[in-house]
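What makes each of them apply?

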Amino acid sequence: MNAHPGGIAHTRHMLNIAALPKKSCILDLGAGAGEAVKLMQVLGYIAEGIDCAPRADFIRQGDLLETGFAKESFDAVLSQCAFFVSGNVPQALKEANRLLKKNGLLLLSDVFFEDPFLLLKGAGFDLLYQEDLTGQWREYYLEALWREEAVSCCIPKGKCSYQFLIGRKC
Ligand SMILES: C[S@@+](CC[C@H](N)C(=O)[O-])C[C@H]1O[C@@H](n2cnc3c(N)ncnc32)[C@H](O)[C@@H]1O
């Protein structure tokens with residue numbers, strides 16, 4: 001089963017919408033098995049990934065909340081289904097912002113329990129694009145529960161949504 005709703009087709013969609021120039025330097029935070037990194041490399045980007053439990057040898061082992069990369073190292077940061085799982089979305093956004101060059105883009109698809117606009121604004125991003133994928137997320141999550149593959153994380157009570165967002169570092 002895909003590790004995020006929509007699988008690699010959705011990663012491609014995110015990149016299409018962002019329309020980053022070829023050779024942009026992109027970091028995948030919570031890169032898992034590295035499918036998005038491989039796709040980005042095939043598409044002509046300079047891409048790498050970091051994960052606390054990497055499932056490919058070309059993904060660097062590390063914490064997305066404190067990556068150790070120098071500030072302003074990347075043109076874009078991509079993350080799919082990892083900020084929420086990290087347990088600290090505000091810190092993940094703060095680290096993404098630190099890693100980006102001025103006007104750099106954050107391509108994020110994830111679960112949200114708060115207003116994504118306010119969250120991004122609070123972390124120093126202008127929201128450029130928003131797509132609500134909550135319906136797709138519900139189907140994905142039910143399927144994962146059914147297969148006993150749901151990510152075990154503490155789900156708080158409250159209204160949850162799944163969004164694809166593009167934020168620009170202000
Ligand atoms: C649901 S998987 C998504 C993986 C990948 N982004 C994808 O969509 O295929 C969430 C990933 O986030 C990683 N992760 C969770 N917390 C992390 C942290 N603090 N630092 C780095 N990676 C983390 C997990 O190890 C896992 O690979």
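The questions below take these labels in turn, for a model that is predicted.

Q: Why is L65 called buried?
A: The cut-off for buried is under 20% relative accessible area. L65 has 16% relative accessibility, so L65 counts as buried.

Q: Where is L65 found, and with which residues is L65 in contact, leaving aside neighbours within four places in sequence?
A: L65 is found in the loop between β3 (60-61) and β4 (74-80). With those neighbours left aside, its contacts are S86, N88, Q91, A92 and E95. Contact here means heavy atoms within 4.5 Å.

Q: How many Å separate the C-alpha atoms of L65 and N103?
A: The separation is 21 Å. Along the chain, L65 and N103 are 38 residues apart.

Q: Why is E95 called buried?
A: E95 has a relative accessible area of 5%. The limit is under 20%, so E95 is buried.

Q: What makes R98 and E95 a salt bridge?
A: The rule asks for a side-chain nitrogen of Lys or Arg within 4 Å of a carboxyl oxygen of Asp or Glu. The closest N and O atoms of R98 and E95 are 2.9 Å apart, so the pair meets the rule. Side chains of opposite charge can pair when their charged atoms come close.

Q: What makes D126 and K121 a salt bridge, and why are D126 and K121 called partly exposed?
A: The closest N and O atoms of D126 and K121 are 2.9 Å apart. The cut-off is 4 Å, so D126 and K121 form a salt bridge. D126 has 26% relative accessibility, so D126 counts as partly exposed. K121 is partly exposed because its relative accessible area is 44%.

Q: How do you know that E143 and R147 meet in a salt bridge?
A: The N to O distance between their side chains is 2.8 Å. That is within 4 Å, so the term applies to E143 and R147. E143, with a relative accessible area of 34%, is partly exposed. R147 is partly exposed with 43%.

Q: How many salt bridges does this rule count?
A: The count comes to 4 salt bridges.

Q: Why is T11 called buried, and where is its place?
A: T11 has a relative accessible area of 0%, so T11 is buried. Its place is in helix α1 (residues 7-18). Beyond neighbours within four places in sequence, T11 is in contact with H4, A36, L39, L78 and Q80.

Q: Which residues come nearest to the ligand, and which classes make up the shell?
A: H4, G30, D51, D63 and L64 come nearest, of 16 residues around the ligand. By class, the shell has 7 nonpolar, 6 polar and 3 charged residues.

Note on methods:
Residues are numbered from 1 along each chain as its sequence is written. This is a predicted model: local features need pLDDT of at least 70, side-chain atom pairs count only at pLDDT 80 or more; totals for chains, interfaces and linings use all residues. Side-chain values use heavy atoms; hydrogens and water are left out. Helices (H or I, at least four residues) and strands (E, at least two) are DSSP runs, numbered from the N terminus. Buried means under 20% relative accessible area, exposed over 50%, partly exposed in between (1.4 Å probe, protein chains only). A residue is near a molecule or strand if one of its heavy atoms lies within 4 Å of it. Ala, Val, Leu, Ile, Met, Phe, Trp, Tyr, Cys and Pro count as nonpolar, Asp, Glu, Lys and Arg as charged, and the others, Gly among them, as polar.
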